[in-house]
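This report goes through one protein structure, from its overall fold to single residues. Please keep the sequence and the model in view while reading.

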Amino acid sequence: EPLSWDVASRYDWRKSVTGSICIPVVYKSIEQACGDVVTLQEIGGRIFVKELKRAGLALRVGVQPGHELVSIRIGATPPQPPTGGAQCMKQLEQWGQETACAR
């Protein structure tokens, strides 16, 4: 089932009940991150996880389809909101170590 505005609405409802919890995922390489986060989807300017690699790092630490990608940190730089829509992970291939935070 493709992600839709309904997913964003359910996410906002869940966040209003449970509050925000950031789940950091630290990768040693961009290739590992791009292989782990298989598909992202942009909904209303927000980036949501659509598909993750089975038994991948993100899934093991608790990230699930439907979680919102809220920041990306590359090396020692401050965390930044993801840019470039659903292709933001692919655009990072030029960078070294990065951390993505989903909630």
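## Overall fold

The model is a predicted one. It has three helices and five strands, and their order along the sequence is α-β-α-β-β-α-β-β.

Of the 103 residues, 38% count as buried. Among contacts with a separation of 6 or more, 58% are made by residues 24 or more positions apart.

## Nonpolar core

The largest nonpolar core comprises 19 residues. Tyr27, Leu40, Val63, Leu69, Cys88 and Met89 have the most contacts inside it. Two or more residues each come from strands E1 (23–27), E2 (37–43), E3 (46–52) and E4 (68–74), and from helices H2 (30–36) and H3 (57–61).

Two of these core residues, Tyr27 and Met89, are also contacts of Val37, together with Glu51 and Leu52, when neighbours within four places in sequence are left aside. Val37 lies in strand E2 and counts as buried because its relative accessibility is 12%, under the 20% limit. Its C-alpha atom is 7.5 Å from that of Ala58, a residue 21 positions away in sequence.

## Strand pairings around E3

Strands E2 and E3 run antiparallel and are joined by six bridges. Within this pairing, Thr39 has Glu51 in E3 as its bridge partner, and Ile43 has Arg46. Two residues lie between the strands of the E2 and E3 hairpin, where Gly44 takes a positive phi near 60 degrees.

E3 also pairs with E4, again in the antiparallel sense, over two bridges. Here Phe48 stands opposite Glu68 in E4.

## Ile47

Beyond its neighbours within four places in sequence, Ile47 is in contact with Leu40, Gln41 and Glu42, with His67, Glu68 and Leu69, and with Pro82, Gly85, Ala86 and Cys88. Of these, Leu40 and Glu42 fall within the range of E2 (37–43), and Glu68 and Leu69 within that of E4 (68–74). Cys88 is 41 residues from Ile47 along the chain, and the two C-alpha atoms are 8.9 Å apart.

## The salt bridge

How many salt bridges does the structure hold? There is one, formed by the side chains of Arg46 and Glu68 with an N to O distance of 3.2 Å. The pair links distant parts of the chain, with Arg46 in strand E3 and Glu68 in strand E4, 22 residues apart.

The two partners fall into separate accessibility classes. Arg46 has a relative accessible area of 22% and is therefore partly exposed, whereas Glu68, at 9%, is buried.

## Asp36

Asp36 is found in helix H2. Asp36 is buried yet has no salt bridge. The nearest side chain of opposite charge belongs to Lys53, 6.0 Å away; a salt bridge would need a nitrogen to oxygen distance within 4 Å.

What does the side chain of Asp36 reach at 2.7 Å? At that distance is the backbone nitrogen of Ala58. Not counting residues up to four places away in sequence, Asp36 touches Tyr27, Leu52, Lys53, Gly56, Leu57 and Ala58. Among these, Leu57 and Ala58 lie within the range of helix H3 (57–61), and Tyr27 is one of the core residues with the most contacts.

## Ala55

Most residues other than glycine have a negative phi. Ala55 has a positive phi of about 65 degrees although it is not a glycine.

Ala55 is found in the loop between E3 and H3. Its relative accessible area is 57%, so Ala55 is exposed, the limit for that class being over 50%.

Notes:
Residues are numbered from 1 along each chain as its sequence is written. This is a predicted model: local features need pLDDT of at least 70, side-chain atom pairs count only at pLDDT 80 or more; totals for chains, interfaces and linings use all residues. Side-chain values use heavy atoms; hydrogens and water are left out. A nonpolar core is a set of buried Ala, Val, Leu, Ile, Met, Phe, Trp, Tyr and Cys residues joined through side-chain atoms within 4.5 Å. Buried means under 20% relative accessible area, exposed over 50%, partly exposed in between (1.4 Å probe, protein chains only). Helices (H or I, at least four residues) and strands (E, at least two) are DSSP runs, numbered from the N terminus. Lys and Arg count as positive and Asp and Glu as negative; His and the chain ends are not counted. A polar contact is a pair of N or O atoms within 3.5 Å; within protein, one must be able to donate a hydrogen and the other to accept it, and residues adjacent in sequence count only if both atoms are side-chain atoms. Contact means heavy atoms within 4.5 Å. Two strands pair if DSSP finds at least two bridges between them.
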